Amino acid sequence: MNKINNRKDYGNEFLNAYGILIPFFQHFFSEDILLSIADTEKYLDIYGNEKLNLDVKAGDLISKDGGDQEAIKTKRVVIKRIPQDIFGMEIQSISIPALDDNDKVVGCVSLCKNLNRQYQVSNLSKTLSSALQQISESTNELSLGVQTIADANYAITQNILDTNEEVQNTDEILNFVRNVARQTNLLGLNASIEAARAGDMGKGFNVVAKEIRKLSTSSSESIKKIDEVLKRIQSSVLSISDSINEINNTFNKQASSFQEINALIQELSASAEVLEGIAESY
């Protein structure tokens with residue numbers, strides 16, 4: 001622990017008091033800083049310049065255009081930013097006038113702070129905010145795309161259900177045709193019996209009766225095949241409907257996940273904006 005055992009005499013009790021405390025101030029800052037104490041004309045002591053390596057040393061005259069000279073003249077705290085082309089880095093200077101009991105300016109105490117770390121944090125937060133914004137926009141687009149596909153699948157499902165209902169309605173038609181074929185077969189059988197009774201005179205009628213029965217048999221076989229095809233179609237329709245329902249469930253889960261991700265991104269974006277604000281006011 002540092003001890004106050006090396007007091008300096010600047011020829012003024014108020015400046016001497018500052019001189020006791022200033023060497024310890026640098027321990028309160030994590031960034032690179034320079035602390036100085038000056039009378040109304042020149043710098044009396046400089047602390048921390050080994051980190052900033054500024055072109056200033058004890059004994060140098062106070063710049064007429066700097067914040068220290070302005071603080072001495074105006075008796076106000078002066079905060080300035082020194083552009084990078086002066087010292088090779090952007091610096092923030094805080095100049096505080098030192099007043100005696102008679103409110104007379106006897107000197108100036110100042111702090112210079114390297115703003116590189118602040119800009120690094122600010123740039124990082126801006127980059128993070130921009131990246132999160134892009135991710136958020138992409139996520140919204142994906143979410144809308146998923147929802148559009150889900151809506152389209154829902155419409156397809158409704159069409160499939162309608163198709164299935166229409167397929168089921170064909171059962172009534174097939175049953176009607178079966179009854180017609182059955183009645184036609186009975187008609188042909190009765191015609192054959194009557195033709196047999198008629199003997200030679202009924203031979204021509206017997207030929208017609210046989211053709212009627214053949215037509216009935218052919219109709220029954222066609223109906224059977226049609227029924228089998230329709231049953232397969234109905235089975236396929238139901239299978240497609242089940243598959244689309246599963247896809248819709250997956251899309252709904254994905255849409256919900258996208259919403260959760262987007263909410264988290266919004267929270268991160270808000271945090272990045274807060275970080276940027278802290279960096280700007282640092």
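**View 1. Ile 261, a partly exposed residue in a helix.** In this predicted model, Ile 261 has a relative accessible area of 40%, which makes the residue partly exposed. Ile 261 belongs to helix α6, covering residues 203–281. Look for Ser 136 here too: 125 residues separate Ser 136 and Ile 261 in sequence, yet their C-alpha atoms sit 8.5 Å apart in space.

View 2. Five strands line up as β2-β1-β5-β4-β3, with antiparallel pairing. Going from one strand to the next, the twist averages 20°.

**View 3. Where β3 meets β4.** Strand β4 takes in residues 91–99 and runs antiparallel to β3, with 5 bridges joining the pair.

View 4. Residues 13–25 make up helix α1, which lies across β1 (33–38), β2, β4 and β5 (105–114). Relative to β1, helix α1 runs at about 170°.

View 5. How many disulfides does the structure hold? The count is 0. For Cys 108, the closest cysteine sulfur is that of Cys 112, and at 9.8 Å the two are too far apart for a bond, since a disulfide needs sulfur atoms within 2.5 Å. Are these cysteines buried or exposed? Cys 108 counts as buried, at 1% relative accessibility, and Cys 112 counts as buried too, at 12%.

Terms used. Residues are numbered from 1 along each chain as its sequence is written. This is a predicted model: local features need pLDDT of at least 70, side-chain atom pairs count only at pLDDT 80 or more; totals for chains, interfaces and linings use all residues. Side-chain values use heavy atoms; hydrogens and water are left out. Two strands pair if DSSP finds at least two bridges between them. Helices (H or I, at least four residues) and strands (E, at least two) are DSSP runs, numbered from the N terminus. Axes are lines fitted to C-alpha atoms, for helices over the stretch in contact, and angles run from 0 to 180 degrees between N-to-C directions. Contact means heavy atoms within 4.5 Å. Buried means under 20% relative accessible area, exposed over 50%, partly exposed in between (1.4 Å probe, protein chains only).
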